[in-house]
Structure formats: structure tokens, C-alpha cells
Amino acid sequence: MADDSYESVLLVLKECTAYRPASDWDVNSFLWKGRLRIISKGDDCYIHWEDSTTGELFAACPYPPDGSSVESVLDSSRYFVLTLVDKASGRKAYIGMGFEERSSAFDFNVALQDYAKRARGGSAQPTAAKQATQQPAIDFSLKGDQTFSIKIGGVRRL
């Protein structure tokens, strides 16, 4: 049976850097540098590391709604540790990942949080707005011969 789910690109960042191993990474000596894409297909989400020019896939990290495959490092807002899992053997590798700009790291976090919220059945609509849409509509139209006037200061009648 073919998968009828469409693929949605949640985020594309032009530059991302990977470091190995995550336990003793040196930010001046990186393993890989390229483009990062967060892709959602059906209920699944993946973080793809791709070559910036050819689009060739370097690695893919599945991202579950609980966020267990991505952790922020303690001493920086621009660096993360991703858990890569080999589908064939089930072996795990912990790879460091970083961004040069804080705004890229922020966008990365927000895209993952949005996916997780959607996957858990949450809505992007705030709670107050949900409540407002659930209440019956109130009719504010003027009835019969009702009128109203508005006085605006500083305006002269002609």
C-alpha cells in the first residue's frame, strides 16, 4: 500500500554544522557543514542534513513528538545534540549540531515545537480564541428604528 501522506517542509536553514562525537566536540573542527531541513510526512518528522549545492542527504534524524532525539546543550543556545538511529541495526550515534546565528537556532526550536504541538493534537489557535469560537454568536445589529451617533472632538460640521 502506498503512503498517501504529503510531505511538508517545516523549515530550511542554509547553514548548519555537525560535530563528532558529541561528548568532546571542537567547534573549530567539524564533521560536516551544509543545509538543514525539517520535514513532516504524515505523523512522522525528520531532520535532514543535506549538501547545500547538490541536495544529497548526509544524515536524517527522526524526531518524535516527545522531542527525545534532540537536546539543547547546557552552555549555549546555538548548539544541540541529536540522536541518529541506524534503521538496519538500531545502533545510535550522538552527533553535535550547531548554528552560527542565534536566530537560526531559535527558528529550529520553534519549528520542532510547532510540529510536536500539532502531533499531540494541539492547535495553533490560542485557548481564549478557542473559547470565543465555541460561544454562541451575539447579534449586535441595530433593530428597527434604532440609531446611534458618534461625536468626534475637533471636527466641524459643514
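Q: What makes the contact between the side chains of Arg37 and Glu50 a salt bridge?
A: Their N to O distance is 2.9 Å. A salt bridge is a side-chain nitrogen of Lys or Arg within 4 Å of a carboxyl oxygen of Asp or Glu, so the Arg37 and Glu50 pair qualifies. Arg37 lies in strand E2 and Glu50 in strand E3, 13 residues apart.

Q: What kind of model is this, and which rules apply to its atoms?
A: This is a predicted model, in which local features need pLDDT of at least 70 and side-chain atom pairs count only at pLDDT 80 or more, while totals for chains, interfaces and linings use all residues. Residues are numbered from 1 along each chain as its sequence is written, and side-chain values use heavy atoms, with hydrogens and water left out.

Q: How many helices and strands does the chain have, and in what pattern?
A: There are 2 helices and 7 strands, and along the sequence they follow β-β-β-β-β-β-β-α-α. Helices (H or I, at least four residues) and strands (E, at least two) are DSSP runs, numbered from the N terminus.

Q: Why is Glu50 called buried?
A: Its relative accessible area is 4%. Buried means under 20%, exposed over 50%, and partly exposed in between (1.4 Å probe, protein chains only), so Glu50 counts as buried. Arg37 is buried too. Of the 158 residues of the chain, 27% count as buried.

Q: What else does the charged end of Lys33 do?
A: It sits over the ring of Phe30, 5.3 Å from the ring centre. The rule asks for NZ of Lys or CZ of Arg within 6 Å of the ring centre and within 35 degrees of the ring normal.

Q: Why is the pair of Tyr63 and Tyr115 called edge-to-face?
A: Rings of Phe, Tyr and Trp (its six-membered ring) pair if their centres lie within 6.5 Å; planes under 30 degrees apart count as stacked, over 60 as edge-to-face and the rest as tilted. The centres of Tyr63 and Tyr115 are 6.1 Å apart and their planes at 65 degrees, so the pair is edge-to-face. Tyr63 is in the loop between strand E4 (57-62) and strand E5 (70-72), and Tyr115 is in helix H1 (residues 102-119), 52 residues apart. Both Tyr63 and Tyr115 are buried.

Q: What makes the pair of Phe99 and Phe108 tilted?
A: The planes of Phe99 and Phe108 are at 50 degrees, with 5.5 Å centre to centre. Both residues are buried. The count comes to 8 aromatic pairs, and Trp32, Trp49 and Phe58 form one aromatic cluster.

Q: How do you know that Cys61 is in no disulfide?
A: The nearest cysteine sulfur, that of Cys45, is 9.2 Å away, whereas a disulfide is a pair of cysteine sulfur atoms within 2.5 Å. The count comes to 0 disulfides. Cys61 is buried at 1% relative accessibility, and Cys16 is buried with a relative accessible area of 1%.

Q: Why is Asp43 called exposed, and where is its place?
A: Its relative accessible area is 69%, so Asp43 is on the exposed side of the 50% cut-off. Asp43 is in the loop between strand E2 (32-41) and strand E3 (44-50).
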